[in-house]
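Please keep the sequence and the model in view while reading.

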Amino acid sequence: MPARLLSIPTVAATLDVDRRTVYRFIAAGDLPVVDLRTGPGRSRVRVPAASLDEFISRRAVAMPTARR
């Protein structure tokens, strides 16, 4: 089964962040992408859905229990 690839706007909507934030995650190496070349000097990147799931899991934190 082929990997499902997500566009940058889809990833941004999923994370509820701006597209620029997604590109920062990519530039930092935190979010891997697949580069689909569309011509010389142009690229179109997609994020594998599994990579986004892993990214979210790595950043998940447990909420502290409330004191009574």
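Leu 6 stands opposite Val 47 in β3. The model is predicted: local features need pLDDT of at least 70, side-chain atom pairs count only at pLDDT 80 or more, and totals for chains, interfaces and linings use all residues. Residues are numbered from 1 along each chain as its sequence is written, and side-chain values use heavy atoms, with hydrogens and water left out.

**The sheet**
- Strands β1, β3 and β2, in that order, form an open sheet with antiparallel pairing; β1 (5-6) and β2 are the edge strands, each pairing on one side only.
- Strands are DSSP runs of E with at least two residues, and helices are runs of H or I with at least four, both numbered from the N terminus.
- Strand β1 is joined to β3 (residues 42-48) by two bridges, and these strands run antiparallel; two strands pair if DSSP finds at least two bridges between them.
- In general, strands of a sheet pair through backbone hydrogen bonds, either parallel or antiparallel.

**The aromatic pair**
- One aromatic pair is found in a search of the whole structure.
- The ring centres of Phe 25 and Phe 55 lie 4.8 Å apart with planes at 50°, so the pair is tilted; rings of Phe, Tyr and Trp (its six-membered ring) pair if their centres lie within 6.5 Å, and planes under 30 degrees apart count as stacked, over 60 as edge-to-face and the rest as tilted.
- Phe 25 belongs to helix α2 (residues 19-27) and Phe 55 to helix α3 (residues 49-59), so this pair, 30 residues apart, links distant parts of the chain.
- Phe 25 is buried at 16% relative accessibility, and Phe 55 is buried at 3%; buried means under 20% relative accessible area, exposed over 50%, and partly exposed in between (1.4 Å probe, protein chains only).

**Salt bridges**
- The whole structure contains two salt bridges according to the search, each defined as a side-chain nitrogen of Lys or Arg within 4 Å of a carboxyl oxygen of Asp or Glu.
- Asp 18 and Arg 20 form a salt bridge of 2.9 Å, N to O; Asp 18 is partly exposed at 38%, whereas Arg 20 is exposed at 58%.
- In the salt bridge between Arg 59 and Asp 30, the closest N and O atoms are 3.5 Å apart; Arg 59 in helix α3 and Asp 30 in the loop between α2 and β2 are 29 residues apart, and the pair links distant parts of the chain.
- Arg 59 is partly exposed at 47%, and Asp 30 is partly exposed at 28%.
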